[in-house]
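Subject: Structure handover and notes

Dear colleague,

Here is the structure I promised to pass on to you. Please open it first and keep it beside you while you read the notes below.

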Amino acid sequence: MRQLLLLLCLGWSAPALVFAQGPRTDAPKLQVAVKRIMQDALHMYEIDASGTVQAPLPVVWRILTGYDRMEEFVPDLVSCRVLSRNGNEVIIEQFGNARFLFMSRSIHLIVRATEQPMSSIDIALISGDMKHYESRWELVPVPETGGTKVLYTGRMMPSFYVPGILGTNIIRGDIERMMGAVMARLDKGIAPRALPSAGTDIARTGAAVPPAPR
């Protein structure tokens, strides 16, 4: 399944590394780990991913909270829009496509994003095609380079059947694909069109959000 959003887009069971293609190859640019766990009598996928970009913290924050533009760079995310905003809480509706083997289905989610400016975004499921979904984006400035470390963690369980080990591998691949696309977008910095500030009504995992198993 591919992305239940920027949000579902991060889950695996074994660690994987994607090395940056550039002059500095002494450390991995992207790290992704996913495992299948039991919580509240449910088998869930626990996701842990991180990477570093050259973009400064204010630029990263603006892009990750520009929810209305997420479908421009998040794979399989069809639309993402803000339904309401109340202080640092944003209600977001997302539509995406999930593919598994020869099957395809639409995914619909409504989530709550709680923003801590320039620091973190917590995503919680309100309704949609998930039994359980929670995720968190954390941003850490890197003084040595002027860049930003991006961390994504989450736990999720789709409301439809996902095979155990095979599902873990599929989700890992989706998260790597999603995170790779997000990191590439962040490294591009400012988009051609001016992006709205984090304090305006906008809709873009994730942060909030993320992907579903294909």
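A word on terms before the findings: contact, or touching, means heavy atoms within 4.5 Å. This is a predicted model, in which local features need pLDDT of at least 70 and side-chain atom pairs count only at pLDDT 80 or more, while totals for chains, interfaces and linings use all residues. Residues are numbered from 1 along each chain as its sequence is written, and side-chain values use heavy atoms, with hydrogens and water left out.

Confidence comes first. The predictor's confidence in each residue, pLDDT, runs from 0 to 100, and the protein chain averages 76, with 70% of the residues scoring at least 70. Helices (H or I, at least four residues) and strands (E, at least two) are DSSP runs, numbered from the N terminus; by mean pLDDT, strand E1 (residues 16–18) is lowest at 28, and strand E7 (residues 120–128) is highest at 96. Across residues 1–28 the pLDDT stays under 50, although the model has 148 contacts for them beyond four places in sequence. Residues 190–214 are also below 50, and that stretch has 132 contacts in the model beyond near neighbours in sequence.

As for the overall layout, the protein chain has two helices and nine strands, which follow one another from the N terminus as β-β-β-α-β-β-β-β-β-β-α. Of its 214 residues, 51% count as buried, where buried means under 20% relative accessible area, exposed over 50%, and partly exposed in between (1.4 Å probe, protein chains only). Helix H1 (residues 57–64) is largely enclosed by the rest of the structure, because six of its eight residues are buried; these are Leu 57, Val 59, Val 60, Trp 61, Ile 63 and Leu 64.

A nonpolar core is a set of buried Ala, Val, Leu, Ile, Met, Phe, Trp, Tyr and Cys residues joined through side-chain atoms within 4.5 Å. The largest one here holds 47 residues, among which Tyr 67, Trp 137 and Met 179 touch the most other members. Helix H2 (residues 164–188) gives this core its largest share, seven residues.

One aromatic pair is found in a search of the whole structure. Rings of Phe, Tyr and Trp (its six-membered ring) pair if their centres lie within 6.5 Å, and planes under 30 degrees apart count as stacked, over 60 as edge-to-face and the rest as tilted. The pair is Trp 137 with Tyr 152, and it is edge-to-face because the ring planes stand at 70 degrees, with the centres 4.6 Å apart. Trp 137 lies in strand E8 (residues 130–142) and Tyr 152 in strand E9 (residues 147–158), so the pair ties together parts that are 15 residues apart in sequence. Both Trp 137 and Tyr 152 are buried.

Ser 120, in strand E7, is buried, with a relative accessible area of 1%. Leaving aside residues up to four places away in sequence, Ser 120 touches Trp 61, Thr 114, Glu 115, Arg 136, Trp 137 and Glu 138. Gly 51 is found in strand E3 (residues 42–53) and counts as buried at 3% relative accessibility.

Best regards
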